[in-house]
Amino acid sequence: MTTSMFGAPIQRKEDPRLVTGGGRYLDDMGHRALAAAFVRSPHAHARIVDIDVTDAFEVDGLVGIWTHEDLPGKVGEPLPLLIPHPTLTHGRTQFALARDEVNYVGEAIVMVVARDRYIAEDVCQRIRVDYELLTPVVGIANARDGSALVHEDVPGNVACRMLQEVGDVDAAIAAAPHTLELELDIERSACMPMEGKGVLARWDTDKGELRIFSSTQTSTGVRAAVAAKLDLPLAKVECIAPDVGGGFGVKINHPWPEEVLIPWAARLLEQEVKWTEDRREHFISSAHERGQLQEIKVGFDEQGRILALDVKFWHDNGAYTPYGIIVPIITSTQLLGPYKPGAYRCEFWSLYTNTVLVTPYRGAGRPQGCFAMERTMDAIAEYLGIDRTEVRSRNFILPEEMPYDHGLLFQDGRPLKYDSGDFPASMAKLKALVGWDDFAAYREQAEAEGRRVGLGIGCYVEGTGVGPYEGGHIQIETSGRVNVSTGLTSQGQGHETSFAQIVAQELGVPIGDVFVTTGDTRRMPYAVGTFASRAAVMSGNAIALAARNVRAKALRIAADALEVSAEDLEIVDGIVQVKGAPGTRMSLGTVSVMSNPLRYAFDDAAKAATQFAGSNDPNKPPVADDDEPGLEGKDFYSPTQATFANGMHAAIVETDPVTAEIRVLRYCVIHDCGNMINPMIVEGQVHGGVAQGVGGALYERMVYDESGQLLNASFMDFLMPYASEVPHIETDHLETPSPLNPLGIKGAGEAGCIPVTAVIASAISDAEGFAITSMPISPVELWELRQRHARGEIPSLARPRHTSTSPGSAPVPPVQEAR
Amino acid sequence: MKPAPFVHHAPRSVADAVAVLAEVGHDGKVLAGGQSLIPILNMRLASPAHLVDINQVAGLADVTVSDTEVRVGALVRHAQLEHHDEAYAALPLLRQALVNVAHPVIRNRGTTVGSIAHADAAGEMPAMLALTDGVVEAVSASASREIAVADFFEGALETSLTPEELAVAVRFRRFAAGTGTSFMERARRHGDYAMAGVAAAVRTSDGLIADARLSFVSVTDVPRSLDVTEVFAGQEPESVDWSAAADLVHAAIEPEGDIHATAEYRAMLAVELARLTLAQAARRSVAAHQVARDTEGPAA
């Protein structure tokens, strides 16, 4: 019997190759290629006055130097704005090489191509650029102030103002028994994949064909973008994503300037050209995220039920908006989490600053939204003196209310409608896992030992698996080998395993016979990309549908050959056999031979197939009118809307009473992404996400000075947590299937990182007795907050109650009205 | 992130190495473990025309322990010294500090002498040389000399080594019998440069504190030691208030703020770590006496 593959925690097929050095990343290729390097702006905001390259020409090994004025036609036009939106009234994108103005430190101005990267950097050092300095706009407060402008034709630095409202918020707040206001601040961070970006381009002069390798999250996107920029027919451009060492969002934006310039140079020079981003370049010329100021006003009743939620936030989108306003839209919609907010209004402004541009980073606006909502929940609990889990539970959307339509538009422009989820069950599991109700006793014991501990919680809902579509193609060779391809890319998610599990399950073949290819436009030209926790949902379901097609065809051919009815057949371990009479059988390899009338007996499968050769009816064509040769199947999956996963996290932290150092003692995760294809891979995704979340909560920030210099553009000063900083992560799962797709799955890629900042802030607030409103937080910041708290500048929190209270037995709230 | 062109010299002897240094002078830079130098070159923060790579030089890779000193050659990797049991027995402080030097892979390559010659006051080993009142052995084409630690560190990343000189070894002086030591630091992440670090050496005699000294990481311009004996001398280590040196510590340090920690926070850390390390060093001193009594016991 074929053991059930779907849902099995099997080890990843790709790992032996990847961990033994068999990976083939961008910089592992093209060793004979010419190398590109860039002169990048050292100023955050300046006009380019002059570029002097005379000193550079004498460097031996130089091939060429290009500035904007050398770029012909569309190559010299601004890069595309990928996702326009009606509210993005002032979208701006950069040129591949800056034309006359630079808007962030790191913006590319000159491209140098030389024999190797060393020489290219020597040349860059000899190029002199004269600048006329302009006033830099750094930080959201300065951007909002609007007295200095990033783009002189964008008043107030406002790229976009967007407002969504459900219900009458002003009336509901006026009528609410209680109101609270919060001001919150969340810093910048970034994806920081282990492998930066990189592009290798080969131009075949004889054929007029371009082959691009890019460390990208979307090879179909890069292919189409480059074909358009270089005026090439799509048929003459291929793009392949080799092994990619992490993406986390930054490689979904495209085309990056280098993705246009390197192929352009390769065609111009008729030579292979490569650019491999170094770490400093990644810091200052790729993309960042997070970065919002938020103002929240909430009205609620005696039970802590929210009657109205009024959110305003200001989002730092950096110098340009090539990826539109996806991030703040997600914040504004996913902020709601598992709750029914009553009336809801969210207004945001997406603002230009003279800093690296902002595009989605794992979580993509959700950590900010979760921070806003969960800080609000804690504030309500504190104000009413109700347990924090109780306040949340009273606001939950209940399972019987699913599907639940919030009445808002989600990032894909479709209704924000939750498909399924059991939030009370998740909460019950979380409380059991972390020992919520026992914490008071634990704290008492810790305090007796002179230790300071706190418990925090955060809940989120994540829209995953956004469309429009993905496809799957499956072909079974005469050997029985199953080739699977899908167009989206892989950056370490384990697709070679999880997609193979789906195929093994659907077809009834050993997983070892299944080979998955991703991100190669030669194999699957129609695809979107790997982002938004969408690969398993989109390609997983497309591949399952394709497998079902292949299976049906295999059964039809085998039924003919075996002279039985297809309904009586099953496929076990790659063998088609009669149910209950397994002696009557043929292998899928043999079926594959029979599916192709071109029957040269190259192999044993073909020889074996001759015994099944039927009569050649001279009145019928070898391939029937409604059939195709080959044992192949293809299908696409295109959902009407996203599917919504959810999770709840809790953490216990300890803060040093003297040094204010913060240690996470326990980190607990309840995660619900519907049916799991491979729980081990899901767990790995959650662990990685939490690790990045811990980075965002306690370590990472982009430290810009007032002139727009990024002061910590290296791994020495940008503090990603090491393994030693990431706590042990305890996980438990709930599997609430999605009713929306054949496999009942939801995305899991971003889940782990979404609530971590909120959870850690909640736990530190609990430990310290005052509210944390700005994240990330470092020991020195906590130490300074303690001093302000001691001076009375920050109000104390009442000790939170950790005993469970049911609705109706809530303690009487304090008399005074909150501000 | 590729270095500018340079000439790579790979001498096989100290004589050859210093001959090259004499020739290239200020244009030369010595390469040992490269854990600080190579990133600086890659980021083009420095572009020396000549690199004098001493990794092939014979006779520089030994740790030797005498009754009074632990001598460490210029090619001794941090990890080699860290795992050197004889050195640990003679001067436990070295291992106590070395486990805090970055990460194992960096310690496998980086050298203790290189770290001291780099003279970064955020490095652990310069502070160890200061606390042990150690000596740097320098050789040039024309002369050899010993430089006492007090004369060696001159400023941030500055030493009294001349461009023609090669630091061939350092000698850490062993403490008097019955001395306990301790090293602690606080970094944002495990293995990062410390926001502050403190090393302490405390000697007790007849159950009373006889000698107490500190040295600091990341909170002074140059590594140096601070004698705090006067605060604690004659007191019983079990009952002493180890925070009593706070004023002396404050007076001795000049921390600077950066993006990871303010000057005030670093000062607070230095004071707190002084308290903790002094207490731990004293406990170790008392324990050392106990061990000595126990081992002498049967023979007596």
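Student: Is A:Cys191 buried or exposed?

Tutor: This is a predicted model, where local features need pLDDT of at least 70, side-chain atom pairs count only at pLDDT 80 or more, and totals for chains, interfaces and linings use all residues. Residues are numbered from 1 along each chain, chains are lettered from A in the order written, and side-chain values use heavy atoms, without hydrogens and water. Buried means under 20% relative accessible area, exposed over 50%, partly exposed in between (1.4 Å probe, protein chains only). A:Cys191 has a relative accessible area of 3%, so A:Cys191 is buried.

Student: How many residues of chain A are in contact with chain B?

Tutor: Contact means heavy atoms within 4.5 Å. Chain B contributes 22 residues. On the side of chain A, the number is 31.

Student: Which residue of chain A forms a salt bridge with B:Arg44?

Tutor: A salt bridge is a side-chain nitrogen of Lys or Arg within 4 Å of a carboxyl oxygen of Asp or Glu. Across the interface of chain B and chain A, the rule finds 3 salt bridges. In the one with B:Arg44, the closest N and O atoms are 3.9 Å apart, and the partner is A:Glu121.
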